[in-house]
Amino acid sequence: MIVVPGGERRPADAGPAVMPGRARALRALAAFAIAASAATTAVHAQPASWADSAKTLRVMIPIAETGFDPQATSDLYSSHVNRAIFDTLFSYDYLARPYRMVPNTAAAMPEISADGRTWTIRLKRGIRFADDPAFGGRPRELTAHDYVYAWKRLLDPRMRSPYLWYLNGKVAGADGVLAKAKADGRLDYDAEIPGLRAVDRYTIRLVLNEPDYVLQGYMSHVAMAAVAREVIESHGDASGWAMTHPVGTGPFRLKEWRRGQRIVLEANPGYREELFPAAPANADAGVQAIAVAMKGKRLPQVGRVEISVIEESGPQLLAFNSGALDYANVPADLVGNVLDPGSRLKAYYAGRKVALHRAVRPSLSYTYFNMEDPVVGGYTPERVALRRAITMAFNVPDLVRVWWQEQAQIATQPIPPNVAGHGAKVDVRAPYDPATARALLDRFGYRDRDGDGWRDLPDGKPFTLMMGSTPTNRDRERDELWKRSMTDVGIRIDFVKQKFPELLRMGRAGLLQMWPVGWITSYGEGDAFMQLLYSGNIGQSNYSRFRNDEYDDLYRRSKLLRDGPERDRLYARMAGIVAAYAPWDLGVYSYENTLVRPWVRGYLKHVYWEHPWKFHDIDVAAQRAGN
């Protein structure tokens with residue numbers, strides 16, 4: 001589960017139709033091409049012998065990365081790169097549908113005691129980190145100690161990890177060590193924590209204070225990936241972060257990096273022997289065909305992955321249409337240029353044998369209110385009424401129709417469809433109803449007292465909503481929808497314009513009043529969304545800084561239960577509390593449409609793994625010929 005911009009800006013079409021602002025888009029594309037060709041210092045030089053160095057996979061991300069330390073980053077775009085460099089214990093079977101978790105560096109799924117508290121995880125042997133000077137010229141094997149070290153980093157107060165909540169308060173016997181770390185300003189990584197130990201070189205023993213059946217999903221997320229202590233101690237900053245020097249056991253390693261413009265990965269020559277997986281027995285014909293075509297190929301096949309940062313929709317699709325990208329997601333603002341009614345590819349793409357892969361994302365695009373803000377925050381009736389009125393005044397149907405171009409569904413609850421815990425009959429959202437919104441504002445004293453046409457606070461002071469927003473055309477379009485809706489009910493709104501990484505920092509620190517943002521899960525559990533309002537996660541993932549004792553109790557109880565009707569009932573009650581206090585506008589669930597060039601082999605849309613580059617292959621001759 002990772003924070004993403006609320007609009008989730010994606011590649012769009014500059015294809016056969018003439019677009020407004022096309023000249024501007026072309027200039028931006030030219031700038032992208034210049035940046036892509038700029039020289040960058042090489043980090044590594046020796047590619048994997050089985051990966052063809054002539055095979056380059058060219059992709060893009062729409063938002064600048066923040067860095068490559070798996071325990072320190074929380075944005076989706078850095079995570080894509082981290083997942084290619086670092087290894088988690090568990091992952092997904094790439095070809096299995098329904099989605100199924102399988103061992104990755106673990107030798108088997110975890111052994112869990114009858115009371116759910118003791119987890120024993122055994123590692124595969126012979127897995128090696130990519131070579132690095134920190135290892136003194138010697139091969140460095142992955143061991144249980146590397147996972148224990150990485151998980152201690154999550155708990156380290158100095159790290160301020162955005163994923164502290166994965167383990168915070170859960171590990172038996174950790175309190176004394178962590179209290180001393182807070183007092184000293186530094187965690188003693190050699191201090192024994194009884195509930196977090198490497199029993200031997202290849203066995204992890206984790207003892208919890210109480211059961212947590214979502215923990216296995218957490219272990220598939222890159223925040224719990226292994227890192228090498230030698231690398232962190234050689235390259236870490238004052239906070240203990242090593243954002244610029246990633247060294248993992250994954251299929252790729254960092255070769256070049258021009259911050260906010262271009263990232264280049266190369267195949268890791270020390271990567272373990274791993275072959276493209278066989279199709280499950282129940283796989284459909286399309287999956288079977290992929291498995292047959294890729295049978296026996298050692299992973300990764302591509303020697304190089306070039307990742308460009310392209311923030312605006314027009315240049316994104318221009319890059320795809322020109323053949324500069326091998327696959328790209330279609331942004332909703334230009335979906336009409338790519339798809340006909342009925343979500344079929346236009347002839348321009350179909351004629352070029354471009355494939356369309358489409359799915360409902362396991363994500364929620366919502367707008368949060370800062371519950372500690374002096375204007376919109378608080379739990380008194382007039383503050384709840386204000387938030388509810390703002391939510392009812394915002395024209396979400398227009399957002400879906402205009403801004404999302406019908407590539408979204410109005411959200412009914414915090415947990416998206418097809419994610420464990422989503423209730424088919426649960427609908428707690430307030431309807432779009434500006435008349436009722438005006439009546440609520442009037443009733444609770446938000447009236448125009450000075451005759452200037454704008455509502456004032458109940459005490460007579462003027463007020464203006466302040467919403468976070470990036471300086472992209474896409475966000476400016478959404479800003480206009482918000483402004484139109486708020487003007488309709490007499491509320492001023494203005495926008496705090498910052499780049500996404502800065503908004504992320506401000507949001508986590510509680511410095512934004514409102515912000516449309518998104519959250520996506522990589523492990524398919526409703527917990528990923530319900531934890532966003534748990535008070536223990538304030539300063540990490542709880543951007544609204546919501547506090548409610550009943551919600552917190554229900555959330556803690558939900559962690560003790562496996563997926564099933566009893567846990568679903570708790571989630572439904574928690575959704576009702578969200579509706580009662582209105583810390584969010586629930587927003588939408590979005591579709592993702594991905595365009596894939598015919599020369600990309602082994603591609604299968606995976607909703608929990610957007611960029612599984614190690615499974616992809618390139619037909620170089622077809623790529624060069626553009627067909």
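Colleague: Helices here are DSSP runs of H or I with at least four residues, strands are E runs with at least two, and both are numbered from the N terminus. With that settled, where is N418 found?

Modeller: This is a predicted model, and in it N418 is found in the loop between β17 (408–410) and α12 (434–443).

Colleague: What is phi of N418 near?

Modeller: Phi of N418 is near 65 degrees, a positive value in a residue other than glycine.

Colleague: And is N418 buried or exposed?

Modeller: N418 counts as exposed, because its relative accessibility is 67% and the cut-off for exposed is over 50%.

Colleague: What about S343, what is its phi near?

Modeller: Phi of S343 is near 60 degrees, and S343 is also a residue other than glycine with a positive value. You'll find S343 in the loop between β13 (339–340) and β14 (344–345). S343 counts as partly exposed, since its relative accessibility is 21%.

Colleague: Where do the two prolines, P98 and P300, lie?

Modeller: P98 is in the loop between β3 (90–92) and β4 (101–103). P300 is in the loop between α7 (285–294) and β11 (302–309).

Colleague: Now K55. Which strand does K55 lie in, and is K55 buried or exposed?

Modeller: K55 lies in strand β2, residues 52–61. K55 is buried, because its relative accessible area is 12% and buried means under 20%.

Colleague: Which residues does K55 touch?

Modeller: Leaving out residues up to four places away in sequence, K55 touches Q301, V302, G303, R304, D617, I618 and V620.

Colleague: And Y523, is that one buried or exposed?

Modeller: Y523 is buried, with a relative accessible area of 4%. Y523 lies in the loop between β20 (514–520) and α15 (527–530). If you want a distance, the C-alpha atoms of Y523 and D284 are separated by 23 Å, and these two residues are 239 residues apart along the chain.

Colleague: What lines the largest cavity?

Modeller: The lining has 23 residues, and I520, V607, Y608, W609 and E610 lie nearest the centre of the cavity. The elements that give two or more residues to this lining are α2 (76–85) and β15 (355–360). The largest share, four residues, comes from α2.

Colleague: How does the lining of the largest cavity split by class?

Modeller: The lining of the largest cavity has 13 nonpolar, five polar and five charged residues.

Colleague: Last topic, the strands β18 and β19. Do they run parallel or antiparallel, and how many bridges join them?

Modeller: β18 (residues 464–469) and β19 (residues 492–497) run parallel, and six bridges join them.

Colleague: Which residue stands opposite S469 in β19?

Modeller: K497 stands opposite S469.

Colleague: And what does helix α13 make with β18 and β19?

Modeller: Helix α13, residues 473–488, makes a right-handed β-α-β unit with β18 and β19.

How values were computed. Residues are numbered from 1 along each chain as its sequence is written. This is a predicted model: local features need pLDDT of at least 70, side-chain atom pairs count only at pLDDT 80 or more; totals for chains, interfaces and linings use all residues. Side-chain values use heavy atoms; hydrogens and water are left out. Two strands pair if DSSP finds at least two bridges between them. A crossover is right-handed if, with the strands pointing away from the viewer, the path from the first strand over the helix to the second runs clockwise. Buried means under 20% relative accessible area, exposed over 50%, partly exposed in between (1.4 Å probe, protein chains only). Contact means heavy atoms within 4.5 Å. On a 1 Å grid over the protein atoms alone, a cavity is a set of points where a 1.4 Å probe fits but cannot get out, and a pocket is an open set with protein on both sides within 12 Å along at least five of seven lines; lining residues have an atom within 4 Å of a point. Ala, Val, Leu, Ile, Met, Phe, Trp, Tyr, Cys and Pro count as nonpolar, Asp, Glu, Lys and Arg as charged, and the others, Gly among them, as polar.
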